Amino acid sequence: MQSFGSGRRGTRGLVVLAAAAIVVLTLAACGGSSSGSGTNGTTSSAPAQQGGTAYLAEGTQAAPNYIFPFTPLQYFSTTNFQQFMNLMYRPLYWFGQGATPNLNPSLSLASTPQYTNGGKTATLTMKPYKWSNGETVTAQDVIFWMNMLKVEKLNWAGYAAGTIPDDLADVTASGNKLTFHLNTSANSNWYTYNELSQITPMPMAWDVTKAGQKPQLCGTASFSEVTVSSKTTSKGTTVTPVSAAAKSCAAVYKFLASEANKLSSYDSNPLWQVVDGPFKLTHFDTTGNVTMVPNKTYSGPVKPKLAKFVELPFTADSAEFNALAAGKVDVGTLPASDITANATTTGTCGLKPGANNPRLSANYNVYAGSTWQINYFPFNVNSTGNGGNSGKLLKQLYFRQAFQTLVDQPTLIQKVFKGYGVGTYGPVPVCPTNNFAAQELKLGNPYAYNPSKAKSILTAHGWSVKPGGTSVCSDANKCGVPAGTKLNFALQYVGGSPTEDQLMQAQKSSWAQAGIHVNLTTGTFDTVLSAAVPCSGGSSCQWEYENWGGGWIFAPDYYPSGEDLFQTGASSNSGSYSDPTMDRLIKGTTVGNSDLGAYSVYGAKQLPVVWQPIQIGATEINKKLQGVLPLNALTNINPENWYFTK
Amino acid sequence: MTGYLIRRVLQSIVVVFGVVLLTFLLSHLYTKDAAARACLGPKANAQQIQQFNHQYHYDKPIVEQFWIYTKGILHGNLGNSCKLHQSVSSLIRSKLPKTLVLVGISTIFALLVAIPLGILQVVRRNTATDYFLTGASFVGYAMPAFLLGELLILWFALDLGWFPFEAPQAATVWGILADPRALVLPVISLAVLTIAGFSRYMRSSMMEALTEDYIRTARAKGASPKRVLYRHALRNALIPIITLLGLTLPAIVGGAIITETVFNYPGMGLLTTNAATQNDVPLLVGTTFVAAIATVLGNLIADVLYVIADPRVRYS
C-alpha cells in the first residue's frame, strides 16, 4: 500500500488549517477590550480622597435576590439584608457597634427605647431622617411596617408564634414619638434586640397596589384599625384580614411582593428608588452584579465618600481568590484553602491573622473578626437508638460532660481552621467581646479538653473504659443504662466540605480515647436538617447526633436569650432538651429582668448540645481603602465609611 | 424519511416525558420536609415548613404534584427556584445562551483543531509526530479540567497578564462576544479534552477509511494523494464524527461545571449541579427537562446528518 508519508505537500495544509484555528483565537484575544481596574487609589499615606469605586466580593454563590425588607424566611440572609437592603433601607435599630454586637444609637433611626410600666411600655422618638423622595421618615412609617406585620406575619422571616406582633396590645404614634404597648412585661434588652430589631420603616410611596397610586389605607391607618382573624388547625395557621385597613395591607403586600419577584427590574422600578439609607441602586442583574451610588439626601451621621459601591458575584472560592490576586476587588474573603500562615490567639477572643498569602500581600492586608454566633450540634434525648439506650444516656449530664471534655477546641482551631476560629463554650457567645456572656466564661472553657478527666468521669459512673475500643457499662446503677450497654453512637454531618470532614474525624479520634465509638456518616444539608427534628420515641426517633455545621447565627434575634433553642418545646430545640431550671432562666431573660449571665453559665455547664469551634473568615482589604475596620460582628457593612487614600 | 422523522419525534416526546417523570420521582424520594429545610434553613419552625409545603404543593400526593407540574410545563411554566428566587424558565433563558456560547465555541474550536490533527497523525502515522501527538492527546484527556483551568489562569492571566482571569461577565450573548479576550482561556480549557478525544477518533476513522476498496480504486485511477485524502477518505471518515457531534449536544447544553466554576462563568452546569445539591426540585427537574430535549434532539440531528453524509443510508 502506498504510504502517505510521501504526501508532505498535502500535510502542510493540515498544519496550516489547525494553526489557523489557533491564530483566530489569538487574534480575537488581541482585539478585545481590557478589563477595568478593581482599585482606584494612590499611596495610603495621603489624605482621604473623595470618589472612587470600591468593589466588594459577595459570598460564593450568594448573590442578593430580594429587595423588599418585609422578607420571607427563604430570602432572609446576610447577602440580602446586611450587604444589600440595609444599605438602602435602614432598619429602625442598627446593631453592631465597632466589633461588638451592641445596639448602635448613632446609626439607628430612633432613640434608644425607654421601658416603663413594668416593662409593658416602650417609647422611642424618631430622628429627623428623610426619604430620597423628600418625605420624612416618620413614626407612621414604622406603623406601616407594624400594620403589614399584623396581616402578613406568616410571610415575615422573623415571626414566631407569641412574638411580635402577637405580644402587642397596640402601637401608637404622636408626632415623632412611638409607643409600643405590650400585652405582658418584657425584658427590655430582649425586646429591643429581638423584637424591635425586626422593624424597618417603609415609605408611604410603597403603600400602593399599583404604580403611581396615592397611599392606601395600610400605611396611613393606625395599628388598632388593622384587625385580623387568626385560626390554627392541624394544617397550620391562617391569618385573615377583617377590617378595610387589614385588607389594604394584604393587597399592598401582594403587590410589593410581586414587584420584589421581578429581579431584573430592581434597578429601574421607582418603588425601590425611594431610600433612606446611604446608597441607592443603579444597576442590578440576576447574576448578582450590584452597583450603588450615594444617596445624596441621606440623613445619617456619615455621608458616603465613594462615587460608587459595587458588589461582584463569584462561583467559587477559587474564582474569588483569582479576583483578589488580580486586584479586582477591594474587600473580599481569603478562602480557607489559600491561608498560608496560621492565625494566633491571644486570650479568649484576640485573634491575630498570620502573614498574608504571598500573592495578595503586596496589595492587601488580612483581618479576622468574630461573628455573633455559636456553633454546636444537637443530640436527641429521646433517641431509641442503641437498643433504646441512647436517649437515656444522652440525658445523663455526666456523659455529656465526658463527651464535651474530649472536644479539643483550641487544637481543632489551630489544625483545621489554621487558627482562624474561636471556641463556643455556651449558649451566649464569648466572642466578640461583649457584656452579655458571664465573666466566668470569658476566662475559659468550663469543659476544656482533658481526656484523663473524661475517662475518670466515665469510670466513676460505672463504665469499663476501653480507649480505642468501645466502653461498656459494668454497673447499671451508676451508668443509668443497663449493664452491657456500649458507648456506640451515630453522628450524621453535612458532607462535601473537607474542613468539616477533618473536624469530625479529629473528634471521632478524640472520643475514641475514652472508648466512645462514634460512627460518622454524611448527608446533604437538608437531609441533616430534616433528620434533626424533635421526636418522642418509636422507630422513627433513632437519630442520636446531627451536625449541619453552622450552629446558630444571632440575627435578627441579636439577644442570645435561648427561647428558640433551649427552652422546652422551642421551635429549634431539635433534640428535645428539657430542663426546668433552664426554662426559668430563659424566662428571666425574656420577660423578667435578668441579664444573660446566669443563663449563659448554666447553659455552658449543662451542655444542652455539643459545643463546637467557630470558623472565622479572613477578610482581605485593599491597603488603599480605609474605613472598613473594625469588621462588624453582625456582618453589617458600612460602605459610607469607606474611602480611598492616595 | 418523513415518516421516519415523525416517528422519531413522537418517540422523543415519550423519552423526554419518561426522563422528567423519573427525575421528578427520584427528587421526591427524600425525607419529609427536605425541600423546605433546604430552602428555609435551620431557623425554620414547623409553621413555616408547613406553609412552604403548602405553597409549593409538597403536602399533596406525589401523583397530584406531578400532574400540577406537567400542567405547568404545558403552559410554559417550569416552576420557581426557591433558592434563587427566579422562575426556572427565566433562569434557563439567562444561563443557556451563555453556556451555548462558551461550550459551542470551544466545540467548534476543538473540531477545527482535532480534525486536522487526526489527519496529520494518519499521514505521519508511526512517526515521531504521530507518537508525540498521541502522547499529547493522552495528557490532554487525562488532565483534570480544574487543574488545567487554574494553571492557565495562573500563568496567562495573573503572571503574564495576557488574558483576563475570568470569563466574560456580561449578561447577554452580545456582551460576551464583545469580550473575546476573556473567552480565550475558558475556551482552551474546555477544548483540550475535546481535541484529545476527537483527534483520536479522527485518526482511527481515517485509518479505517484508507483501507477501503474505493480508496484503492481511486489510486488506481490516478488520483493524487491529496485528492484521495480529502475528496474520498475524509468525507467518509467524518461520518462517525458527525454522530459524535450529535451526542455532544447534551453536553453542550448541560454546560461545563468545572470550567464555569473556575472561570466565574455561571452557566447551565453550575445551575444544574447546585439544583441537585441544594434540593431545588423545580430547578433540577427543569434543567433535566432541557437536557433530555437536547439529548433526543442531538440524536435526531446526528441521524439526519448521517443520511446527508452517506447517501447509502436510508431510514424506512
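1. Helices (H or I, at least four residues) and strands (E, at least two) are DSSP runs, numbered from the N terminus.

2. This is a predicted model, in which local features need pLDDT of at least 70, side-chain atom pairs count only at pLDDT 80 or more, and totals for chains, interfaces and linings use all residues. Residues are numbered from 1 along each chain as its sequence is written, while chains are lettered from A and ligands numbered from 1 in the order in which they are written.

3. As for confidence, the model scores ipTM 0.86 and pTM 0.88. Chain B averages a pLDDT of 86, and 98% of its residues score at least 70, pLDDT being the predictor's confidence in each residue, from 0 to 100. Among the elements of chain B, the highest mean pLDDT, 93, belongs to helix α7 (residues 145–159) of chain B, and the lowest, 80, to helix α11 (residues 225–254) of chain B.

4. Chain A has 18 helices and 30 strands. Its radius of gyration is 28 Å, close to the 26 Å that the globule rule gives for 646 residues, so chain A is as compact as a globular protein of that length; the radius is taken over C-alpha atoms, and the rule is 2.2 Å times the number of residues to the power 0.38. Along its principal axes the C-alpha trace of chain A spans about 95 × 80 × 60 Å. Buried residues make up 52% of the 646 residues in chain A, a residue being buried if 20 or more other C-beta atoms lie within 10 Å of its own, exposed if 12 or fewer, and partly exposed in between, with C-beta atoms placed from the backbone.

5. Tyr493(A) stands opposite Asn547(A) in β24(A).

6. Another open sheet of three strands, in the order β25-β18-β26 (chain A), has antiparallel pairing. Its edge strands are β25 (552–553) and β26 (610–612) of chain A. Strand β18 (residues 373–377) of chain A pairs with β25(A) over two bridges, and Trp552(A) in β25(A) is the bridge partner of Ile374(A).

7. Gln198(A) lies in the loop between α4 (188–195) and α5 (217–220) of chain A, and counts as buried because it has 22 C-beta neighbours inside 10 Å. Leaving aside neighbours within four places in sequence, Gln198(A) is in contact (C-beta atoms, placed from the backbone, within 7 Å) with Gly158(A), Ile164(A) and Pro556(A).

8. The contact between the chains takes 62 residues from chain B and 54 residues from chain A. On the side of chain B that touches chain A, α5(B) gives the most, with 10 residues.

Notes
Two strands pair if DSSP finds at least two bridges between them. Two residues are in contact if their C-beta atoms, placed from the backbone, lie within 7 Å.
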